[in-house]
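Okay, thanks for making time, everyone.

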Amino acid sequence: MYQIAVLLSGSGSNLQALLDAERAGTLGARVALVVSDRADAYGLQRALTHQVAAAFVPLPPAPPGPARAAARSAWEQRLAGIVELFSPDLIVLAGFMRILSPAFLQRFPERVINQHPALLPDDGGASYTTSSGLVIPALRGAHVVRDALAHGLTVTGCTIHRVTPRVDDGPVLARAEVPILPGDTADTLHERIKREEHQLIVEVVRSLALTQQETALPPRQDQS
Ligand code: GRF
């Protein structure tokens, strides 16, 4: 069975979508591990409710300078060590509010994907062209739902992409557009974006799991 690890820092509604699909037998994968860098992340509770292994790996505060860099690298090594124990086929960053270093990514090549609550282009560029031909800025960073409203956009969305050392970049696996409605606040808009994300993450995991299963099949024997 295709195993996934989910890294999160918050509510974990996307984790819930994965757990619900797994329980319904439609995911084609098993959530084997949930890790959070925050003790109060509700996603940890969701994991425990579903009897999924859950770990809290805090990044200890450190003064700026070499001590901070060393603390961060030690934290990442702890994180990678825990993840490695479960040998996941896929690591899903589902609202994980930390940037992972190239060293971490090299330990899990091609295996880390990220959910981003805005539309990102295929070419890593600064703009995205919507299905109706509208050119909008490619929003990156931690506040893109707010930024979409601040830019006065009429459409935004969500993207799932492979993680590379370039933040909010990397090959796009799926995306969905979400209209911005008059009167939308960051909260109402994010809720609608998340509804799309919940479907998209299940579809992406299912398709990656299926692809791996197909490529792992032994060559078909000639029946003649
Ligand atoms: C999602 O919108 C995801 O795109 C972003 O963080 C949010 C996580 O939501 N990176 P939840 O914790 O799964 O509810």
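**A walk through the model**

Let's begin with D37, which sits in the loop that links β2 (29-36) to α2 (42-49). Keep in mind as we go that this is a predicted model.

So is D37 buried or exposed? With a relative accessible area of 7%, D37 is buried, because the cut-off for buried is under 20%. And what do the side-chain contacts look like? The D37 side chain makes a polar contact of 2.7 Å with the side chain of S9, and there's another of 2.8 Å to the side chain of R98. If you skip residues up to four places away in sequence, D37 touches L8, S9, F56, V57, P58, W75, F96 and R98.

Now the ligand. Which residues surround the ligand? Here's the list: S11, G12, S13, N14, G95, Q115, H116, P117, H190, K194 and E197. Let me pick out some distances. From an oxygen atom of the ligand to a side-chain N or O atom of S13 it's 2.5 Å. For S11, a side-chain N or O atom is 3.1 Å from a ligand oxygen. With Q115, a backbone N or O atom is 3.1 Å from a nitrogen atom of the ligand. And how much of the ligand's accessible area does the protein cover? On its own the ligand has 370 Å² of accessible area, and the protein covers 90% of that.

S13 brings us to helix α1, residues 13-24. This helix has 12 residues and should span 16 Å at 1.5 Å a residue; the end C-alpha atoms are 16 Å apart, so the two agree. The buried residues in α1 are S13, N14, L15, Q16, A17, L18, L19 and A21, so S13 and N14 count as buried, under the 20% cut-off, and they're also on the ligand list. What covers the buried residues of α1? The cover includes β1 (2-8), β2, α2, β5 (112-116) and α6.

Next, α6, residues 186-216. How far does α6 reach? It has 31 residues and runs 43 Å from first C-alpha to last, close to the 45 Å expected at 1.5 Å a residue. The buried residues of α6 are L189, R192, I193, K194, E197, L200, I201, V202, V204, V205, L208 and A209. An α-helix has 3.6 residues a turn, so residues three or four places apart point the same way. Have a look at the buried list with that in mind. K194 and E197 from that list are among the residues around the ligand.

On to the packing. How many residues are in the largest nonpolar core? There are 45, and V6, L18, V31, V34 and V205 have the most contacts inside it. The largest share of this core comes from α6, with 9 residues. Take L18: apart from neighbours within four places in sequence, L18 is in contact with I4, V6, L27, V31, I201, V202 and V205. There's also a second, separate core of 18 residues, and that one includes L79, A80, F96 and F108. F96, you'll recall, is one of the residues D37 touches.

Let's move to A5, in strand β1. A5 is buried, at 1% relative accessible area. Leaving out neighbours within four places in sequence, its contacts are L33, P88, L90, I91 and V92. A5 and Q51 are 46 residues apart in sequence, and their C-alpha atoms are 14 Å apart in space.

Q51 is one to check on your screens. Most residues other than glycine have a negative phi. Q51 isn't a glycine, yet its phi is positive, about 55 degrees. You'll find Q51 in the loop between α2 and β3 (53-56), and at 76% relative accessibility it counts as exposed.

E110 gives us another case: a non-glycine with a positive phi, about 65 degrees. This one is in the loop between α4 (102-107) and β5. E110 is exposed too, with 62% relative accessible area.

Last stop, G152, in the loop between α5 (144-150) and β8 (155-162). G152 is exposed, since its relative accessible area of 56% is over the 50% cut-off.

Key: Residues numbered from 1 in each chain as written. Predicted model: local features only at pLDDT ≥ 70, side-chain atom pairs only at ≥ 80, totals over all residues. Heavy atoms only, no water. Helix = DSSP H or I, 4+ residues; strand = E, 2+ residues; numbered from the N terminus. Expected span 1.5 Å × (residues − 1). Buried < 20%, exposed > 50% of the residue type's maximum accessible area, 1.4 Å probe, protein only. Polar contact = N/O pair within 3.5 Å; in protein donor to acceptor, adjacent residues only side chain to side chain. Contact = heavy atoms within 4.5 Å. Near = heavy atom within 4 Å. Areas by Shrake-Rupley, 256 points an atom, 1.4 Å probe, with all protein chains shown as cover. Core = buried A, V, L, I, M, F, W, Y, C linked by side-chain atoms within 4.5 Å.
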